[in-house]
Amino acid sequence: MLGYAKSSNLAAYQSAAAHGGVAASDPHRLIVMLLDGALERIATARGCMQRNETSEKARLINRAVSIIGELRSSLDLRNGGQIAANLAELYDYMCRRLLLATTENKVEMLDEVNSLLHEIRGAWIAIAPEGRSR
């Protein structure tokens, strides 16, 4: 029972830390946090896939798909021009690949989405602070 209490306390701390980080973050930082969350879940799902932990793998991939959906919904398609439209299509593609990875149990598909998210994250981080408020 003590082990359960410790893990429960750790989960509560992590949740409070995450919520505190969200409350104190600017919109640019929130996008980075979403990208990091998706990347973390994909990495963990990859390990589950390799260990044949199918239910946990599916839960993590579904959560990553939800996060990517949030990233897509945060796009300003009206004012974002071709970049926003391209990102929307890329996010849709990533979600389809993740769902296919779940059913076909292919690590390569997870790796592909992981690589794409890292590219987006790197570009997002490279945005100069003065350009972030636009």
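Trainee: What ground rules apply here?
Mentor: The model is predicted, so local features need pLDDT of at least 70 and side-chain atom pairs count only at pLDDT 80 or more, while totals for chains, interfaces and linings use all residues. Residues are numbered from 1 along each chain as its sequence is written, and side-chain values use heavy atoms, with hydrogens and water left out.

Trainee: What does the pLDDT average?
Mentor: The protein averages 84, and 76% of the residues score at least 70. pLDDT is the predictor's confidence in each residue, from 0 to 100.

Trainee: Where is the pLDDT below 50?
Mentor: Over residues 1-17. Beyond near neighbours in sequence, that stretch has 0 contacts in the model. Contact means heavy atoms within 4.5 Å. Where pLDDT is low, the predicted coordinates should not be read in detail.

Trainee: OK, the fold. How many helices and strands?
Mentor: There are 5 helices and 0 strands. From the N terminus on, the order is α-α-α-α-α. Both kinds of element are DSSP runs numbered from the N terminus: helices are H or I, at least four residues, and strands are E, at least two.

Trainee: How much of the protein is buried?
Mentor: Buried residues make up 28% of the 134 residues. Buried means under 20% relative accessible area, exposed over 50%, partly exposed in between, with a 1.4 Å probe and protein chains only.

Trainee: Let's look at helix 4. What is its span?
Mentor: Helix 4 has 24 residues and reaches 35 Å from its first C-alpha to its last. That is close to the 34 Å expected at 1.5 Å a residue. The expected span is 1.5 Å times one less than the number of residues.

Trainee: Which of its residues are buried?
Mentor: In helix 4, Ala84, Leu87, Ala88, Tyr91, Met94, Cys95, Leu98, Ala101 and Thr102. They pack against helix 2, helix 3 and helix 5.

Trainee: How do helix 3 and helix 4 pack?
Mentor: At an angle of about 170°, with their axes 9 Å apart. Helix 3 and helix 4 are therefore roughly antiparallel. Axes are lines fitted to C-alpha atoms, for helices over the stretch in contact, and angles run from 0 to 180 degrees between N-to-C directions. Under 35 degrees counts as roughly parallel, over 145 as roughly antiparallel, 65 to 115 as roughly perpendicular and the rest as oblique.

Trainee: Which residues make that contact?
Mentor: Helix 3 gives, among them, Ile61, Val65 and Ile68, and helix 4 gives residues including Tyr91, Cys95 and Leu98. The contact divides into 12 nonpolar, 3 polar and 3 charged residues. Ala, Val, Leu, Ile, Met, Phe, Trp, Tyr, Cys and Pro count as nonpolar, Asp, Glu, Lys and Arg as charged, and the others, Gly among them, as polar.

Trainee: Switching to Leu34. Which residues does Leu34 contact?
Mentor: Leu34 is in helix 2. Leaving aside neighbours within four places in sequence, Leu34 contacts Ile67, Glu70 and Leu71. Leu34 is partly exposed, at 27% relative accessible area. Its C-alpha is 9.3 Å from that of Ala64, 30 residues apart along the chain.

Trainee: Last one, the loops. Where does Asn52 lie?
Mentor: Between helix 2 (27-50) and helix 3 (54-73). Phi of Asn52 is near 60°, positive in a residue other than glycine. Asn52 is exposed, at 59% relative accessibility.

Trainee: And what about Asn105?
Mentor: Asn105 sits in the loop between helix 4 (81-104) and helix 5 (107-126). Asn105 has a positive phi of about 55°, although not a glycine. Asn105 is partly exposed, at 33%.
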